[in-house]
Amino acid sequence: MNESQTRHDLIDPALAAAGWNTTPGSKIRVEVKITAGRLIGRGKREKPLYADYVLRYKNRDLLVIEAKKRQLFFSDGKTQAVDYARRLDVRYAVSTNGDRIYLIDTEDGKESEINAYPTPEELWFMTFPVENALRDELTAVPFEDRGGTWQPRYYQQNAVLKAVEAISAGRRRLLLTLATGTGKTAIAFQIAWKLFQSKWNLIEPGARRPRILFLADRNILANQAFNSFGAFDEDALVRISPADIRKRGKVPTNGSVFFTIFQTFMSGPDDSPYFGDYDRDFFDFIIIDECHRGGANDESSWRDIMEHFEPAVQLGLTATPKRDVNRDTYRYFGDPIYIYSLKEGINDGFLTPFRVKEIQTNMDDYVYTSDDTVLSGQQPEAGKVYGLSEQNRSIELEDVEKYKVRLFMQAINQRQKTLVFCATQAHAAAVRDYINQFADSSNIEYCCRVTADDGAQGEKYLRFFQDNEKTIPTVLTTSQKLSTGVDAKEVRNIVLLRPVNSMVEFKQIVGRGTRLFDGKDYFTIYDFVGAHAHFQDAEWDGPPLPPAEPPGTPPAPRTCAVCGLPKPCGCAAEPQPCPVCGEPECICDAPPRAVIRIKLSDRKVMELDSMTRTTFWSPDGKPISAREFLQQLYGDLPALFENEAKLREIWSAPLTRQRLLEELEERGYNAENFAELKRLVKAEDSDLFDVLTHIAYERDLVPRSTRAERAKVHLHRYDKNRQDFLNFVLEQYTEAGHAELALQKLPDLLVLKYEALQDAKRVLGTTAQIRDTFSEFQEYLYAG
């Protein structure tokens, strides 16, 4: 009895006998797709994960069942069942072969064989032994599915339900930590939807709709959220703006879901913030987007807003685990109620993987010499090394920046959307100009700058960039502004021309490229500043860290010691540069000074050089060095074939070669990886077969042209017409590689050679004869 028969004949009747699908509110979900399958290149994915059964009651998943065919041992599916249950945040898991049932409680670790499946009511009580009417009421509200066109991903459902449970338990401060691109706004919407539909509120539960505030620190984030809440009635949504407040003479109060940025709430007349015009208990629920940017920091004005609305339940959304730079966020909200990491998102196939090009130049450390020319600014210090952290801030090397721009413009596909992060707004303007000078495109808006100084025009460029239907602008330069809040799915390249010292910011920048888009198998980070070192840090995708400061540490002063303005004085980040130093990250510790502009000597310009190293994306979803990639490949190759002779046999036949390539892809070795590998071992002109034998068996690398010439000694076995065709095939192979030898490539080769398939058949014979010739000759091509 196979698995399908086991399910039909044994498991389905047993579930029906326990009341599933017949008890009101109960549902048997079958073949439940959990993950999308990690992207592995060329539009392909690993196999998604499916749960055989998920039992749902009162709109809540309660049990995962992994079914095995009757002949197998009944607990053989335990590992899968537990994995799926943990992903789905389901307490109970079952492994069964139809005859026997093995139950696992993933919460307390107990497991045992049971005689029958629990009924829906029994399973509900097992999961929720303590009654909570509010939890049940909020859970019962279905997700808003946009007319059946949207279903939550498993982690989104988990996050929403965790929030519902926390609110039902009386928690007032909630934190959700989910990687950029995983849909935090969609999660916030679904939580708000459940609260709204159930008429939950803090004052009179059930008597009125709740009043909800969505608070962001940038208009683009608030506008994106406003548009995402479109399922609410139009009169329920209110976009708060300073202009509207001034026009009306008061803050808006008629509505249910309000959207604004904290700058608006702080910009009332006579230094009286607008948020003070609302009663302290006006809002029942507040969502603070990107809360790590200051939403709970004692030095931030956000804290004043949060303290004013202290009675409200406050939900913080962030993409970053706890770090020294955002520990106050975690101190304020408490530990996250749910975490979904970047690594999980990529491995599950919900985020796009990436590769890293690490680029170093021989001017990363610059020392002034007398043959260089000082164009403006003070004389550079004799013997001083100006590293990457000072370049484009205190010293400007135009020749070096032009060289870097040429490098990445030659490396990228110039039709792909690209973000370039620069040191300052002035640097972003200069790089914009260099890109437009070197670009193949003649459109003057091919590359645009989007920084605080660009105002409404910059926002317009950003909207066009985000529009997948528009191709101009194709490249944006920025300094700080686009590290968060850019929902541009088509971003294929991220270029780092400024150091990124903060792990939090680095993860945010990487997140600009992780959103899925059709045909986008990966994106590339061009790293000129050594930011890739963050990947080797244990904090890169690790668990939250405990606060570095002991409890009770007094807060830092709330005014800037240099400019004397209330914090935030603009020192923290764009769009409010510090009024003293003018930098997005305040450097008021030292007095501001003019940038030194240097023209390199002709000798130095001629000697400009660089070294590029590629970091590969490993099968387990981590970036690894080329050396690690090779070591991993050494270990995997022996499992795919017994010896060199077997590899040669597999590679010589188009069908078995294709199966091997597919298996290599399943293990994470795709065409892009092998192209990089060829460059690494300096074998661009060799067949992938020779690269594999070189790695696995230390064989000499053989150019494709040499392999093709050797094969020609066997052409005498064929008539003149077939010899002519096979010579043509060898030419294509020498030029492009083994992909030209795939069976699916044969029709294209015939048309290319003979213009029409019928003409090819008149010369070479039947389709079967042509295919046999094409396949047979490959044995000679790959003969020892």
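This note sets out numbered points on the structure above.

1. Basis of the model. The structure is a predicted model, in which local features need pLDDT of at least 70 and side-chain atom pairs count only at pLDDT 80 or more, while totals for chains, interfaces and linings use all residues. Residues are numbered from 1 along each chain as its sequence is written, and side-chain values use heavy atoms, with hydrogens and water left out.

2. Strands and helices here are DSSP runs numbered from the N terminus (E, at least two residues, for strands; H or I, at least four, for helices), and two strands pair if DSSP finds at least two bridges between them.

3. S18 and strand S26 (residues 596-599) run antiparallel and are joined by 3 bridges. Thr 373 has Lys 599 as its bridge partner in S26. Axes are lines fitted to C-alpha atoms, for helices over the stretch in contact, with angles from 0 to 180 degrees between N-to-C directions; contact means heavy atoms within 4.5 Å.

4. Strand S22 (residues 447-449) contains Arg 449. Arg 449 has a relative accessible area of 12% and is therefore buried (buried means under 20% relative accessible area, exposed over 50%, and partly exposed in between, with a 1.4 Å probe and protein chains only). Its side chain reaches the backbone oxygen of Gln 425 at 2.8 Å. Leaving aside residues up to four places away in sequence, Arg 449 touches Gln 425, Ala 426, Ala 428, Ala 429, Arg 432, Asp 454, Gly 458, Tyr 461 and Thr 477.

5. Aromatic pairs. The structure holds 36 aromatic pairs. The rings of Phe 258 and Phe 283 have centres 5.4 Å apart and planes at 80 degrees, so this pair is edge-to-face. Phe 258 lies in strand S12 (residues 257-261) and Phe 283 in the loop between helix H9 (262-266) and strand S13 (285-288), so the pair ties together parts that are 25 residues apart in sequence. Phe 258 is buried at a relative accessible area of 0%, and Phe 283 is buried at 1%. Rings of Phe, Tyr and Trp (its six-membered ring) pair if their centres lie within 6.5 Å; planes under 30 degrees apart count as stacked, over 60 as edge-to-face and the rest as tilted.

6. Which residue forms an aromatic pair with Tyr 332? The partner is Phe 333, in an edge-to-face arrangement with 5.0 Å from centre to centre and 90 degrees between the planes. Tyr 332 counts as buried at 15% relative accessibility, and Phe 333 is buried with a relative accessible area of 2%. One aromatic cluster is formed by Phe 189, Trp 193, Phe 196, Phe 214, Phe 226, Phe 229, Phe 232 and Phe 259.

7. Charges over rings. Lys 58 lies over the face of Trp 124, at 4.9 Å from the ring centre. The charged end of Lys 470 sits over the ring of Phe 464, 5.3 Å from its centre. The criterion is that NZ of Lys or CZ of Arg be within 6 Å of the ring centre and within 35 degrees of the ring normal.

8. Backbone points to inspect. Lys 58 is found in the loop between strand S4 (50-57) and strand S5 (60-67); Lys 58 is not a glycine, yet has a positive phi of about 55 degrees. At 32% relative accessibility, Lys 58 counts as partly exposed. Glu 755, also not a glycine, has a positive phi of about 75 degrees. The loop between helix H25 (746-754) and helix H26 (757-764) holds Glu 755, which is exposed with a relative accessible area of 70%. Ile 472 and Pro 473 are joined by a cis peptide bond with omega of about -5 degrees, and Pro 473 is placed in the loop between helix H15 (455-466) and strand S23 (475-478).

Definitions and conventions. A polar contact is a pair of N or O atoms within 3.5 Å; within protein, one must be able to donate a hydrogen and the other to accept it, and residues adjacent in sequence count only if both atoms are side-chain atoms.
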